[in-house]
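Student: Could we go through this model together? I'd like to ask about a few details as we go.
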Amino acid sequence: MGKTMRVAAAALFLTLVLSAESRAQQWFWGMEYMVSTPMSDTKEFANDFSWRNFGIQGRNLVKDNISVGLYFGWNVFAEKTDTLISFQGLDVSGVQYRYVNAFPIMATAHYYFGRRRGIRPFIGTGAGTYHSKYRLEIGQVAFEANQWHLGIAPEAGVIIPINWNARAMLNVRYNYGVKANGITLTYWTFGVGIGWM
Amino acid sequence: MNNTPRKTVRKTVLVGAALSLGIGAAACYPGSIENIQELDVVVTVQDTSVDYSQFLLYAMPDTIVQINDTAEGSVELGRDHDALILSTIAQRMAQLGYVRVTIPEPPQVLPPDSTPDLVVLVTSVGVENSYYAWYPGWGYWGWWPGWGYWPGYGPGYGWGYPGYWVQGSYQAGTLFMDMLDPNAPAQPVEPPEIPVVWTGALNGVLGGSSAGTATRLTDGINRAFDQSPYLGRN
């Protein structure tokens, strides 16, 4: 956790410094609601098409078509299952509640197409860390593990003007937390949001 | 809305700090138990080095040993379901192709090739997570006259569970089914142990006066055998 946290903190600090020193004056603030679907190890642990996802972000337009910023999210996967748990001759059956709470903390960079006040498709990525909580409840026992993953979150979307300040945003983001303690954190989010410039 | 960079950075830091602090405490766990059966957990442990098709005859005492005391959190273990438990286990063993041998009391000389290959012992534990109390061994089972067929065993012997298996957390009212191979060499540990080749545990299903206890017991025993497909003559 220590190394991961240091890298994440450095990335966030760098983003803030770059933002502060940039001459551009315009920030975009947005919040988004997402649905998400897990992949690979995450899906294996908690196979859930999730309706519980939320994100908040700030982007500083350092050029007309480039922004750097920050992104924080909260993604929840939950599954009720009676899958048999097997490990080296030990088999455990029973109703299980499995949860993944993932919190991406990212520095972001985006490139925009289109005119400044028009509809602006964009591509970009986040880089930073995911704090994830894995929890398995079976019977009256709960097992919980906290994990930090270094990660990236490539993203594509479009920002649509509503009026002079307000913007609607649609995006799709691939969240990838690199393997840590044998677990890879992977999921897609599909978001709709609102923002202000 | 235009902000100065310094002001905006301050806002960013504040929002980020608030969110980061919240991460430590926040988490969402939306599920909830819908009925008591959802709390039933069945654990089975096999000895991966054993070929279970080599066994044919088994003995099972007609008694369920109860391990209990008056410690806080313990449950009173009744005898209402003993016959159901033993008959359900016997039924599943028969379906697996194993043949039950009745041990006469006092032990008499059995016909050649009639010595059981396995001994199935059923124990209920009314104490919560009690490692010392659960570990049954000779102290709880030494009374069984069937041991007379394996004169090498006696007081001081324990049960040797397979692999890394340790008795961890379990609830009061747990039912244990142990399958011992008394013909195998005792495990060279101190105190010596009779090898246990299979264990099934139904966590917390006994005790209380739930009307559904009988169903939960039969479901649990059946589940223990269902999730152990390596058992049986075939």
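Student: How many bridges pair strand 8 and strand 9 of chain A, and in which sense, parallel or antiparallel?
Tutor: This is a predicted model, in which local features need pLDDT of at least 70, side-chain atom pairs count only at pLDDT 80 or more, and totals for chains, interfaces and linings use all residues. Residues are numbered from 1 along each chain as its sequence is written, while chains are lettered from A and ligands numbered from 1 in the order in which they are written. Strand 8 (residues 141-161) and strand 9 (residues 166-180) of chain A pair in the antiparallel sense over 9 bridges, where pairing requires that DSSP finds at least two bridges between two strands. Within that pair, V158(A) stands opposite L170(A) of strand 9.

Student: What do the strands of chain A close into?
Tutor: They form a closed barrel of 8 strands, running 1-2-3-6-7-8-9-10 with antiparallel pairing, and from one strand to the next the twist averages 25°.

Student: And how many helices and strands does chain A have?
Tutor: Chain A has 2 helices and 10 strands, these being DSSP runs numbered from the N terminus (helices H or I, at least four residues; strands E, at least two).

Student: Which way does phi go at Q88(A), positive or negative?
Tutor: Phi of Q88(A) is near 45°, a positive value in a residue other than glycine. Most residues other than glycine have a negative phi. Q88(A) sits in the loop between strand 4 (85-87) and strand 5 (90-93) of chain A.

Student: Is Q88(A) buried or exposed, and why?
Tutor: Q88(A) counts as exposed because it has 11 C-beta neighbours inside 10 Å; with C-beta atoms placed from the backbone, 20 or more others within 10 Å make a residue buried, 12 or fewer exposed, and anything in between partly exposed.

Student: Switching to chain B, at what angle do helix 2 and helix 5 pack?
Tutor: Helix 2 (residues 82-95) and helix 5 (residues 213-226) of chain B pack at about 25°, with their axes 10 Å apart; axes are lines fitted to C-alpha atoms over the stretch in contact, and angles run from 0 to 180 degrees between N-to-C directions. Helix 2 and helix 5 of chain B are therefore roughly parallel to each other, a term for angles under 35 degrees.

Student: Which residues of helix 2 of chain B make the contact?
Tutor: Helix 2 of chain B contributes L84(B), I85(B), T88(B), I89(B) and R92(B), contact meaning that C-beta atoms, placed from the backbone, lie within 7 Å.

Key:
Angles under 35 degrees count as roughly parallel, over 145 as roughly antiparallel, 65 to 115 as roughly perpendicular and the rest as oblique. Two residues are in contact if their C-beta atoms, placed from the backbone, lie within 7 Å.
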